Amino acid sequence: MAGELIDNGVQHFKFEEDFVEDNVRCIPMIVRFKLDAVGIKLKLAEWSRLHTNERSMLAQEPCSTPVEKIMYLNNLRSLVRLRTGNEATGLAIDKEPSWANLKRIEPALQDKAKEHNWHITLEQWKSLNNLQRFALLKLFRPGHENKNFPKAMVEFGLVKAGVNGEL
């Protein structure tokens with residue numbers, strides 16, 4: 001996908017480089033995207049118990065078709081059980097996720113952009129791939145490192161670095 005890098009076999013965005021290079025210590029967006037697709041809430045403590053090669057595998061393993069999703073889910077559940085002794089926590093699967101809507105941008109995302117005096121046009125939104133739209137929606141949520149939101153906006157070509165004193 002456009003704008004993504006591969007390090008240690010893990011597909012990631014440039015704004016994720018710091019923690020991907022350090023043995024994939026945080027859950028990369030590509031894995032978070034897949035977790036949402038299969039309905040699993042993976043805790044950081046569970047992620048940290050996985051071996052580096054298992055983390056890389058979860059980032060690389062396909063998870064698009066119904067069969068791939070079942071295989072990914074089963075593999076993930078097995079890994080969590082093996083490494084933690086616990087069952088993976090289920091999560092409702094959003095049948096109409098905001099990142100997939102190409103006719104409307106979530107108002108809360110626009111509000112976050114406005115905090116930086118930015119505006120995302122519908123044309124810009126449509127030009128992003130699914131993972132990029134997913135990442136933007138995750139990055140502005142409470143409890144997430146919002147410092148990466150401006151970095152992602154620049155990386156995805158939605159704003160230029162240095163605009164309004166950013167980055």
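Visitor: Which residues does Leu109 touch, not counting residues up to four places away in sequence?

Guide: Leu109 touches Ile120, Trp125, Leu136, Leu137, Phe140 and Phe149, where contact means heavy atoms within 4.5 Å. This is a predicted model, in which local features need pLDDT of at least 70, side-chain atom pairs count only at pLDDT 80 or more, and totals for chains, interfaces and linings use all residues. Residues are numbered from 1 along each chain as its sequence is written, and side-chain values use heavy atoms, without hydrogens and water.

Visitor: What makes α4 roughly antiparallel to α5?

Guide: The axes of α4 (residues 52-60) and α5 (residues 66-84) cross at roughly 165 degrees. Angles over 145 degrees count as roughly antiparallel, and 65 to 115 as roughly perpendicular, so α4 is roughly antiparallel to α5.

Visitor: Which residues make that contact?

Guide: Glu54, Met57 and Leu58 of α4 make the contact with Tyr72, Asn75, Leu76, Leu79 and Arg83 of α5. By class there are 5 nonpolar, 1 polar and 2 charged residues; Asp, Glu, Lys and Arg count as charged, Ala, Val, Leu, Ile, Met, Phe, Trp, Tyr, Cys and Pro as nonpolar, and the others as polar.

Visitor: Why is α2 called roughly perpendicular to α4?

Guide: The axes of α2 and α4 come within 8 Å and cross at roughly 65 degrees. That value falls in the perpendicular range, so α2 is roughly perpendicular to α4. Ile30, Val31 and Lys34 in α2 meet Leu58, Ala59 and Gln60 in α4.

Definitions and conventions. Axes fitted to C-alpha atoms, helices over the stretch in contact; angles between N-to-C directions. Helix = DSSP H or I, 4+ residues; strand = E, 2+ residues; numbered from the N terminus. Parallel < 35°, antiparallel > 145°, perpendicular 65-115°, else oblique.
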